[in-house]
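Please open the structure in a viewer and keep the selection tool at hand.

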Amino acid sequence: MVGSIEVKSLGSNGSVQHNGLNLEEKLDEFRRLLGKSDKDPLRVVSVGAGAWGSVFAALLQESYGGFRDKFQIRIWRRAGKAVDRETAEHLFEVINSREDILRRLIRRCAYLKYVEARLGDRTLYADEILKDGFCLNMVDTPLCPLKVVTNLQEAVWDADIVVNGLPSTETREVFEEISKYWKERITEPIIISLSKGIETALEPVPHIITPTKMIHQATGVPIDNVLYLGGPNIAAEIYNKEYANARICGAAKWRKPLAKFLRQPHFIVWDNSDLVTHEVMGGLKNVYAIGAGMVAALTNESATSKSVYFAHCTSEMIFITHLLAEEPEKLAGPLLADTYVTLLKGRNAWYGQMLAKGEINRDMGDSISGKGMIQGVSAVGAFYQLLSQSSLSILHSEEKKPVAPVESCPILKTLYKILITREQSTQAILQALRDETLNDPRDRIEIAQSHAFYRPSLLDQP
């Protein structure tokens with residue numbers, strides 16, 4: 001793992017410099033690695049327009065969009081998703097509270113449609129407001145205007161870099177469609193996945209399928225060209241220039257150049273070789289964030305109750321990490337940091353809170369208006385299914401008999417019964433905290449550390 005904090009300064013010609021290279025020099029350096037000619041721009045497309053996908057595209061647009069002959073970026077989202085009137089009214093309030101946004105829309109002759117939408121005289125659509133810089137999943141954070149394409153073939157056919165901003169539940173389907181448009185390609189694209197979610201497969205042995213693996217399987221793009229970018233980030237805060245960091249994980253051929261290309265003074269990108277494990281950890285923290293939201297709501301934000309939950313859930317995460325990783329200690333920092341920010345302000349914790357308060361219900365599904373896909377729900381099902389397989393059995397510390405790993409994860413078991421089988425209410429999460437066995441969470445960690453837990457097959461590793 002390498003990385004450094006960049007120094008932002010002005011060169012002698014007034015250009016913005018990062019670590020001695022101005023933006024155009026960084027762009028030129030990366031273009032040379034791809035073998036781009038002077039008249040052939042670097043083409044980037046973000047597939048999916050959720051909060052993080054939209055922000056990521058906007059960051060690149062703001063950094064490199066001014067070099068129009070050398071860089072082009074567009075974002076794809078499905079057409080036809082209507083903006084309800086309540087959201088349209090809120091958009092109108094946001095626009096009028098920001099003089100810079102108001103002036104921009106007036107100059108673009110786009111202001112009137114928001115007036116009409118507020119009055120109920122017309123319907124706005126998610127793809128058209130995205131062109132003005134409004135992501136439906138975070139309307140309070142206006143972005144820079146983006147080039148939006150609703151035809152998938154037009155968006156991806158000649159892209160040099162494809163950013164996967166889709167939920168994991170949609171990744172395979174969309175990239176199978178994309179693969180049809182790449183049959184005639186001579187060069188292989190680079191794919192950066194932002195998705196945090198997993199699937200479980202039980203044959204030939206139980207194992208996890210991550211979004212990067214889904215993309216590789218769907219498109220045939222070499223796995224060395226498929227990378228994962230993740231970290232303890234809240235999309236809106238990153239766009240508002242709050243200091244943040246992330247890791248781009250994958251083969252050295254591209255991760256090191258991409259880390260340098262993506263790095264900004266407020267968004268530090270490190271690189272790491274451990275692709276799959278970091279990707280899986282990004283999905284695991286979403287599971288426990290939902291439970292954290294429930295505990296916060298049910299205990300009226302009791303700091304004591306939340307800390308008890310944190311002790312239990314982190315011990316389960318450490319236990320699971322020892323099953324999945326040969327050197328789990330290296331993941332402790334990134335996993336806890338990502339978990340912490342998700343508990344503080346992530347959509348999965350919000351979902352748990354709203355469920356416990358009764359403001360939303362499970363029949364509404366995993367995709368919530370104004371928030372997007374709650375990926376922790378499908379991850380609960382996937383991890384439970386994986387860890388309940390008898391072929392993965394471990395020796396129970398007290399009963400001295402083989403049990404499935406999930407039997408040592410009472411929080412995961414309870415979340416499964418709340419969210420997937422729906423046989424228990426959200427109140428059950430508090431009962432799980434009471435731990436009638438009186439086992440210290442530390443015991444679970446000691447079991448994981450004192451046994452030969454690591455199962456390479458779980459991550460489809462040789």
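Begin by selecting histidine 266 in this predicted model; apart from neighbours within four places in sequence, histidine 266 is in contact with Leu59, Ile238, Lys241, Glu242, Tyr243 and Ala244. Histidine 266 is placed in the loop between helix 11 (252-262) and strand 15 (267-272). With a relative accessibility of 10%, histidine 266 counts as buried.

Next, select lysine 241, one of the residues in contact with histidine 266. Lysine 241 lies in the loop between helix 10 (235-239) and strand 14 (244-249). Its phi is near 70°, a positive value in a residue other than glycine. Is lysine 241 buried or partly exposed? At 43% relative accessibility, lysine 241 counts as partly exposed.

A positive phi is also the point of interest at arginine 422, where phi is about 60° although the residue is not a glycine. Select arginine 422 in the loop between helix 17 (410-419) and helix 18 (428-434). Arginine 422 is partly exposed, and its relative accessible area is 40%.

Now move to proline 204, in the loop between strand 11 (199-201) and strand 12 (207-209). Show the backbone here: the peptide bond from glutamate 203 to proline 204 is cis, with omega near 0°.

The next selection is a pair of helices. Two packed helices are described by the angle between their axes and the distance between the axes. Select helix 12 (residues 275-298) together with helix 13 (residues 303-324); their axes come within 10 Å and cross at roughly 160°. Helix 12 is therefore roughly antiparallel to helix 13. The crossing of the two helices is right-handed. To view the contact, display side chains on both helices: among the residues of helix 12 that meet helix 13 are Val280, Leu284, Tyr288 and Val295, while those on the helix 13 side include Tyr309, Cys313, Met317 and Ile320. By class, this contact has twelve nonpolar, three polar and three charged residues.

How many disulfides does the structure hold? The structure holds zero disulfides. The sulfur of cysteine 135 is 12 Å from the closest cysteine sulfur, that of cysteine 144, which is too far for a bond. Cysteine 144 is likewise in no disulfide, with the sulfur of cysteine 135 as the nearest cysteine sulfur. Cysteine 135 counts as buried at 1% relative accessibility, and cysteine 144 is buried with a relative accessible area of 11%.

Notes
Residues are numbered from 1 along each chain as its sequence is written. This is a predicted model: local features need pLDDT of at least 70, side-chain atom pairs count only at pLDDT 80 or more; totals for chains, interfaces and linings use all residues. Side-chain values use heavy atoms; hydrogens and water are left out. Axes are lines fitted to C-alpha atoms, for helices over the stretch in contact, and angles run from 0 to 180 degrees between N-to-C directions. Helices (H or I, at least four residues) and strands (E, at least two) are DSSP runs, numbered from the N terminus. Angles under 35 degrees count as roughly parallel, over 145 as roughly antiparallel, 65 to 115 as roughly perpendicular and the rest as oblique. A crossing is left-handed if the near helix is turned anticlockwise from the far one by less than a right angle, and right-handed if clockwise. Contact means heavy atoms within 4.5 Å. Ala, Val, Leu, Ile, Met, Phe, Trp, Tyr, Cys and Pro count as nonpolar, Asp, Glu, Lys and Arg as charged, and the others, Gly among them, as polar. A disulfide is a pair of cysteine sulfur atoms within 2.5 Å. Buried means under 20% relative accessible area, exposed over 50%, partly exposed in between (1.4 Å probe, protein chains only).
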